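Work through the exercises below with the model open. Try each task before reading its solution.

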Amino acid sequence: MYATSLGDDGAELRPLEVWHAGELLANIDRGREFIGRHIGLADVVSDLDGARAWLKSYADKRAADAGGVHGIWLDGKLVGGLLFRVWDTPSGVCEAGCWLEPGAAGRGLVTRGMRMLLDWAFEERGMHRVEWQVSSANEASINVARRLGMTREGVLRENFPHRGVRTSTEIWAVLAPEWRAARARTARNDH
């Protein structure tokens with residue numbers, strides 16, 4: 001299977017498939033409380049059957065061109081993932097997301113991987129808008145949105161019940177022309 005290097009630190013981005021269910025469960029188990037603070041993945045992937053079912057749902061999305069999931073491996077160990085939770089080709093709009101176990105946090109893995117996936121979404125798949133929906137309390141994920149050049153468009157106040165508490169969701173997004181302009185500026189600055 002193919003892997004894409006995320007830099008010279010041994011990090012790779014790979015497709016995350018049903019046969020990775022054991023690795024996904026181990027990843028979630030290592031970071032269950034950390035991951036579960038803001039997203040429901042830690043509750044959905046509570047055992048091997050849950051891991052398989054969740055991965056199968058993304059395999060089905062990929063087959064229907066309606067989403068997809070990639071894993072982030074660091075030195076051969078699955079430490080997190082990036083996903084397109086929603087993918088709507090006719091409208092050119094998708095929603096991206098992520099999770100990461102605590103031992104892998106702070107290394108820029110999500111930002112580096114998501115840059116690759118955004119390049120693919122905009123340049124190869126012709127998407128026009130990528131959204132990032134994040135709990136207002138998830139500062140690390142909000143910082144990723146900022147580093148990706150996304151614009152905060154608004155807040156859905158107390159719209160999501162998570163573990164018995166109503167949380168607010170910030171909507172961040174980047175448009176294809178904005179992404180291309182930012183990538184061009186980066187390329188010019190690299191020379």
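**Exercise 1: a strand residue**

Glu131 sits in strand β6, residues 129-135. Helices (H or I, at least four residues) and strands (E, at least two) are DSSP runs, numbered from the N terminus. The model is predicted: local features need pLDDT of at least 70, side-chain atom pairs count only at pLDDT 80 or more, and totals for chains, interfaces and linings use all residues. Residues are numbered from 1 along each chain as its sequence is written, and side-chain values use heavy atoms, without hydrogens and water.

Task: Is Glu131 buried or exposed, and which residues is Glu131 in contact with?

Solution. 
- Step 1. Take the relative accessible area of Glu131, which is 17%. Buried means under 20%, exposed over 50%, partly exposed in between (1.4 Å probe, protein chains only). Glu131 is therefore buried.
- Step 2. List the contacts (heavy atoms within 4.5 Å). Leaving aside neighbours within four places in sequence, Glu131 touches Val93, Cys94, Glu95, Ala96, Trp172 and Ala173.
- Step 3. Look for a side-chain partner. The side chains of Glu131 and Arg129 make a polar contact of 2.8 Å. Such a contact is a pair of N or O atoms within 3.5 Å; within protein, one must be able to donate a hydrogen and the other to accept it, and residues adjacent in sequence count only if both atoms are side-chain atoms.

**Exercise 2: a bent helix**

Task: Where does α1 bend, and what covers its buried residues?

Solution. 
- Step 1. Locate the bend. It is about 65°, at Arg30. The angle is taken between axes fitted to the seven residues ending there and the seven starting there.
- Step 2. Find the buried residues. Among them are Leu24, Leu25, Ile28 and Ile35.
- Step 3. Find the cover. It includes α2 (41-44), α3 (48-63), β4 (77-88), β5 (93-100) and β7 (151-162).

**Exercise 3: positive phi**

Task: Where do Asp75 and Arg163 lie, and how exposed is Asp75?

Solution. 
- Step 1. Asp75 lies in the loop between β3 (68-74) and β4. Its phi is positive, about 50°, although Asp75 is not a glycine. Asp75 is exposed, at 65% relative accessible area.
- Step 2. Arg163 lies in the loop between β7 and β8 (165-175). Arg163, not a glycine either, has a positive phi of about 55°. At 40%, Arg163 is partly exposed.
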